[in-house]
Amino acid sequence: MVRNGDGLPTQLLLILVFALITYLVVEVPVISYALAPDATTTRVEAFSTWLGTHKIQAVAAVAAVIGVVLIIKGLTSL
Amino acid sequence: MQQIILLALANAGSLLVQLLAVVLVILTRPRPKPLLWAFWLSALVVSCGVSSIVLAVLRAEGTILGTTSTAVSPTIYLVVGVIAVAVAVFASTTRGRELIGREIEKTQATEPNPEGSRGDRARAEAADVKARAEDALKQGSVWMALLVGAVLGARHRSRWPGSDSWSATGTACLRSCCSSSSSP
């Protein structure tokens with residue numbers, strides 16, 4: 001990026017774009033709260049209640065996501 | 001620009017586990033909206049701020065020296081990944097859920113005695129730390145969210161140029177980005 005000889009505004013914009021894409025997982029609920037606060041609150045409360053009654057399934061889902069991410073990371077690092 | 005998007009997606013993938021864990025914890029708090037905003041804004045500000053400082057140094061010096069390698073062997077990722085998937089598969093079966101549920105009930109039924117054996121004392125201390133952490137999350141939660149966001153934002157920055165902790169995809173993208181003479 002630096003060696004490309006882009007101007008400072010372009011480089012700063014690229015840094016912002018990079019950060020925005022990196023935090024997509026956080027931005028989805030943030031944008032959802034901004035666009036439809038009531039619907040999002042209802043959905044989040046329902047999800048929170050489900051999580052409270054299905055702790056083992058939730059842990060299994062998180063373990064599955066972590067496992068798949070680590071396997072992909074391991075395979076791409078080989 | 002396409003290369004930056006690819007690079008950012010590779011970085012997002014490597015941070016997915018931490019981000020997902022934080023978002024899940026935040027969403028189960030009583031008032032998640034201010035916490036989400038605090039976490040997101042602090043992570044964004046810190047990562048953009050530190051990246052800008054690195055950019056300024058790179059523009060002035062052309063390179064950053066003195067980085068250290070923190071690369072972990074791919075075998076460790078694969079082994080831990082397979083164990084995590086195996087745990088997930090076991091926990092998703094009826095028998096697995098019964099066994100885990102029984103173990104949790106057994107642990108909760110026996111209260112640790114703070115005056116008892118070394119193991120009991122350790123369990124009592126762990127329960128005390130857990131209760132205090134839960135209190136901190138409930139009461140000073142916005143500050144906690146800001147702090148966690150700042151820490152993750154700084155960690156995200158460590159994957160920018162100058163660091164050795166790049167994923168293979170990230171390194172390939174960076175190389176193509178730097179060697180290209182045209183704009184991204």
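This is a predicted model: local features need pLDDT of at least 70, side-chain atom pairs count only at pLDDT 80 or more; totals for chains, interfaces and linings use all residues.
View 1. In soluble globular proteins, nonpolar side chains tend to be buried together.

**View 2. Contacts of B:Ala145.** When neighbours within four places in sequence are left aside, B:Ala145 is in contact with B:Ile26, B:Leu35, B:Ala38 and B:Phe39.

**View 3. Helix H4 of chain A.** Chain A has four helices and zero strands. Of its 78 residues, 21% count as buried. Helix H4 (residues 55-77) of chain A contains 23 residues and reaches 33 Å from its first C-alpha to its last, close to the 33 Å expected at 1.5 Å a residue. Its buried residues are A:Ala60, A:Ala63, A:Ile66, A:Gly67, A:Leu70, A:Lys73 and A:Gly74. The buried residues of H4(A) pack against H1 and H3 of chain B.

**View 4. Helix H2 of chain A against helix H1 of chain B.** Helix H2 (residues 24-35) of chain A packs with H1(B) at an angle of about 35°, and the two axes are 8 Å apart. From H2(A), the contact uses A:Leu24, A:Val25, A:Val26 and A:Pro29; from H1(B), it uses B:Ala12, B:Leu16, B:Leu19, B:Leu20, B:Val23 and B:Leu27. The residues of this contact comprise 10 nonpolar, no polar and no charged.

**View 5. The side of chain B that touches chain A.** Between the chains, 56 residues of chain B are in contact with 45 residues of chain A. On chain B, two or more residues of this side come from each of H1, H2, helix H3 (74-92), helix H4 (94-109) and helix H7 (168-179). H1(B) gives the most, with 16 residues. By class, the side of chain B that touches chain A has 38 nonpolar, 15 polar and three charged residues.

Key:
Residues are numbered from 1 along each chain as its sequence is written. Chains are lettered from A and ligands numbered from 1 in the order in which they are written. Two residues are in contact if their C-beta atoms, placed from the backbone, lie within 7 Å. Ala, Val, Leu, Ile, Met, Phe, Trp, Tyr, Cys and Pro count as nonpolar, Asp, Glu, Lys and Arg as charged, and the others, Gly among them, as polar. The expected span of a helix is 1.5 Å times one less than its number of residues. A residue is buried if 20 or more other C-beta atoms lie within 10 Å of its own, exposed if 12 or fewer, and partly exposed in between; C-beta atoms are placed from the backbone. Axes are lines fitted to C-alpha atoms, for helices over the stretch in contact, and angles run from 0 to 180 degrees between N-to-C directions.
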